[in-house]
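Here is a friendly tour of one structure, arranged by topic. Please have a look at the sequence and the model before reading on.

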Amino acid sequence: MRALKERNHKKKTMATPDSDQGYMALALDLARKGLGRTSPNPCVGAVIVRDGRIIGSGYHRRAGTPHAEVHALRQAGSLAAGATLYVTLEPCNHTGRTPPCSHAVAESGISRVVMGMLDPNPLVAGGGRQYLIDNGIEVTTNILEGACRRLNEPFIKYITSKRPLVVIKAGVSLDGRLNYQKGRSGWITGADSLHKVHQLRDCYDAILVGRGTVEIDNPSLTTRLQDRRGRDPLRLVVDSRLSTSPDARMLNQQSEAETWIFCTSRAPGEKRETLERKGARIFEVDGAEGGRVDLTAVMALLGEKQITSVLVEGGGAVFSALLAERLADKAQLFYAPLFAGNGGESLTADLQITGRDEAVRLGDVDYTGMGEDLLVEGTIIYPQN
């Protein structure tokens with residue numbers, strides 16, 4: 001595992017701060033402070049440099065508040081004239097909940113703008129870049145573009161498809177089991193993996209689980225970090241007949257996040273009323289084979305509600321359905337160095353694959369040690385047929 005950690009460390013080494021790449025890396029660090037807070041907007045960081053000195057910096061903190069460029073410009077003040085602005089995403093060129101940043105940049109006297117990536121939002125689509133050029137500002141694009149795109153994968157997916165980024169997360173044994181006995185809770189991975197999971201929850205708009213996970217594990221689905229600065233994501237439950245108990249932990253705790261339950265028309269009305277009295281919001285979604293909740297329709301509904309990212313935490317039936325319907329975008333799998341045997345629930349219990357050509361794969365895979373565990377992350381690649 002030592003060699004693995006050393007390789008990952010080298011991979012994350014950043015350029016020196018006296019280059020375009022170095023200053024963009026600093027802007028990316030700032031942008032990451034907004035993870036989980038800016039939805040449905042992107043995470044953006046900005047740094048203003050003059051004569052080799054940083055005179056202003058900022059990041060987008062929350063939707064509806066000033067953008068990163070505005071924070072940096074306010075800090076720089078009159079010194080912005082003739083300086084260079086490094087920003088992880090193309091400045092917006094339209095009026096939304098805030099004025100266009102491209103206009104503020106041009107009015108400040110900034111002489112050069114370095115962008116990490118162009119904005120995929122059709123309302124921007126190069127418009128901010130062109131506005132700056134038309135106003136005599138030198139523009140450089142695509143600096144650390146890959147890192148900028150990875151940071152804003154949820155925004156990119158949402159703004160181009162009106163669907164959230166869907167990430168499968170699970171703790172599994174070496175033989176692909178989620179627990180030791182079906183129908184019984186059983187922790188697979190270690191403390192380091194658990195801590196990482198809570199860091200992940202802090203960065204996603206929502207967590208999704210199936211009815212079985214609620215019944216077996218009775219999870220709170222909250223973010224529990226040592227500094228208590230984490231935010232609870234929206235809790236989503238797929239439960240076709242509303243079997244979720246009104247005594248479930250997630251409905252009986254102090255949390256600012258809501259719980260949404262997706263059912264079908266077969267769910268009894270009295271159960272709906274009971275759960276609504278406990279504070280849950282109920283959404284009726286029909287259409288799937290076998291009377292199940294239509295997950296495609298769920299993702300469309302979440303997009304309408306401006307949910308940009310969903311972390312799916314179980315169980316095997318939900319994982320299988322998301323893969324079968326090609327709805328999952330990425331996977332984050334925590335592997336423990338143990339064999340759980342054949343009595344537990346499989347990670348993909350209901351996924352039917354008949355051969356190698358039909359297999360679902362991971363691309364752009366990263367491996368990270370988590371204590372004794374191994375985190376395997378990658379983009380899900382579906383067969384072309």
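Does aspartate 29 count as buried or partly exposed? Aspartate 29 counts as partly exposed because its relative accessibility is 33%, where buried means under 20% relative accessible area, exposed over 50% and partly exposed in between, with a 1.4 Å probe and protein chains only.

A word on the ground rules: residues are numbered from 1 along each chain as its sequence is written, and side-chain values use heavy atoms, leaving out hydrogens and water. The model is predicted, so local features need pLDDT of at least 70 and side-chain atom pairs count only at pLDDT 80 or more, while totals for chains, interfaces and linings use all residues.

**Salt bridges**

- The structure holds twelve salt bridges, each defined as a side-chain nitrogen of Lys or Arg within 4 Å of a carboxyl oxygen of Asp or Glu.
- One of them joins aspartate 29 to arginine 32, with the closest N and O atoms 2.8 Å apart.
- Both of these residues sit in helix α2 (residues 20-32), three residues apart, or about one turn of the helix; helices (H or I, at least four residues) and strands (E, at least two) are DSSP runs, numbered from the N terminus.
- Arginine 32 is partly exposed, at 37% relative accessibility.
- Arginine 112 and glutamate 138 also form a salt bridge, at 3.6 Å from N to O.
- That pair links distant parts of the chain, 26 residues apart, with arginine 112 in strand β4 (residues 112-115) and glutamate 138 in strand β5 (residues 138-140).
- Arginine 112 is buried at 17% relative accessibility, whereas glutamate 138 is partly exposed at 48%.
- Asp20 joins Arg112 and Glu138 in a network of salt bridges.
- Lysine 330 pairs with glutamate 153, their closest N and O atoms being 3.4 Å apart.
- Lysine 330 is in strand β12 (residues 330-335) and glutamate 153 in helix α7 (residues 153-161), so this bridge ties together parts 177 residues apart in sequence.

**Nonpolar cores**

- The largest nonpolar core has 35 residues, and Leu236, Phe262, Leu302 and Leu322 have the most contacts inside it; such a core is a set of buried Ala, Val, Leu, Ile, Met, Phe, Trp, Tyr and Cys residues joined through side-chain atoms within 4.5 Å.
- Elements giving two or more residues to this core include β8 (234-238), β9 (259-263) and α11 (295-304).
- Another core, of 28 residues, lies apart from it and has Ala83, Leu89, Ala147 and Ile156 among its members.

**Backbone features**

- The peptide bond from serine 39 to proline 40 is cis, with omega near 5°, and proline 40 is found in the loop between α2 and β1 (45-50).
- A cis peptide bond also runs from glycine 314 to glycine 315, with omega near -5°; glycine 315 belongs to the loop between β11 and α12.
- Asparagine 218, in the loop between α9 and β8, has a positive phi of about 45° although it is not a glycine.
- Leucine 242 is not a glycine either, yet has a positive phi of about 55°; this residue lies in the loop between β8 and β9.
- Leucine 242 is buried, with a relative accessible area of 1%, while asparagine 218 is partly exposed at 26% relative accessibility.
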